[in-house]
Amino acid sequence: LETLGLPSGPPAYDRSSTPVDGPPFLSADYPVSPIEGEVVVRSIPARPGALLTIDLQTGGQLELTGWDRDSIYVRAENRASDGGEMRIDLAAIAGGTQLIAAAVDGTEGADAFLYQIFVPANHDLEVRSSGGGISIADVHGSFEGATAGGTVLLERVRGTVQLMAGRGQFEVRESVLEGSLRTEKGIAWQGKFSGNYRNKPW
């Protein structure tokens, strides 16, 4: 495998200072075959207020954080014990950016992959995941999507929301939202909301 010269972790996020530079821009269709514990990064310019569409066919833990840059930075870590082959595609599309994560050999699961993504603080998000927790912090925009299972955490976010957690649960902290949160049991919350919230787990 080609050595990417990656940092040991994602760029530090601190609103009192500018985050460190991410890695060089890479081709959107650059194929990778990570082994256990390997990290892959992608970075692409992004316009504030645009839409990032995320399709996690692998499932996994997803952490989304707003930052003060006009770019999207993706850090993907393969934690699968069998070192399955994974492909990460990040590309500009009409209206925004699309991220697709697929396991070439079918490896998937909430514990197999970790995705840490930084987006402009004013940005819309649409997420589809086959399973795993989702956290969104410090973003103002529209939030839509679903995960088959896992906790969905919204922290210091503002905007409209239409999210489905399957057999998971929701936790909201210091946020102002309008819309609905659903699980397979039905509506966990809908309407306008400001403050903190957590629904009962399964």
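How many aromatic pairs does the structure hold? The structure holds six of them, where rings of Phe, Tyr and Trp (its six-membered ring) pair if their centres lie within 6.5 Å, with planes under 30 degrees apart called stacked, over 60 edge-to-face and the rest tilted. This is a predicted model, in which local features need pLDDT of at least 70 and side-chain atom pairs count only at pLDDT 80 or more, while totals for chains, interfaces and linings use all residues. Residues are numbered from 1 along each chain as its sequence is written, and side-chain values use heavy atoms, leaving out hydrogens and water.

View 1. The protein chain has zero helices and 14 strands; both kinds of element are DSSP runs numbered from the N terminus, with helices (H or I) needing at least four residues and strands (E) at least two. Of its 202 residues, 50% count as buried, meaning under 20% relative accessible area, with exposed over 50% and partly exposed in between (1.4 Å probe, protein chains only).

**View 2. Aromatic rings meet.** Phenylalanine 193 and tyrosine 197 form an edge-to-face pair, 6.1 Å centre to centre with 75° between the planes. Both phenylalanine 193 and tyrosine 197 are buried. Elsewhere, Trp67, Tyr73 and Phe118 make up one aromatic cluster. The charged end of arginine 69 sits over the ring of tryptophan 67, 5.1 Å from its centre; this label requires NZ of Lys or CZ of Arg within 6 Å of the ring centre and within 35 degrees of the ring normal.

**View 3. Nonpolar residues gather in cores.** A nonpolar core is a set of buried Ala, Val, Leu, Ile, Met, Phe, Trp, Tyr and Cys residues joined through side-chain atoms within 4.5 Å. The largest has 40 residues, and Leu64, Ile117 and Leu154 have the most contacts inside it. Apart from this core lies another, of five residues, among them Val39, Trp67, Tyr73 and Phe118. Beyond its neighbours within four places in sequence, leucine 64 is in contact with several residues, including Leu52, Ile54, Val119 and Ser135; contact means heavy atoms within 4.5 Å.

View 4. Strand β2 (residues 51–56) pairs with strand β6 (residues 96–103) in the parallel sense over six bridges; two strands pair if DSSP finds at least two bridges between them. Leucine 51 has glycine 96 as its bridge partner in β6. Strand β5 (residues 86–93) runs antiparallel to β6, joined by eight bridges, and aspartate 89 stands opposite isoleucine 100 in β6. In the hairpin of β5 and β6, with two residues between the strands, glycine 95 takes a positive phi near 90°.

**View 5. Strand β12 has parallel partners.** Strand β10 (residues 140–147) and strand β12 (residues 158–164) are parallel, paired over seven bridges. Here histidine 140 has arginine 158 as its bridge partner in β12.

**View 6. Two residues are tucked away.** Glutamate 77 lies in strand β4 (residues 71–78) and counts as buried because its relative accessibility is 15%. Its side chain makes a polar contact of 3.5 Å with that of arginine 75; such a contact is a pair of N or O atoms within 3.5 Å, where within protein one must be able to donate a hydrogen and the other to accept it, and residues adjacent in sequence count only if both atoms are side-chain atoms. Histidine 123, in the loop between β7 (113–120) and β8 (124–129), is buried, with a relative accessible area of 0%.
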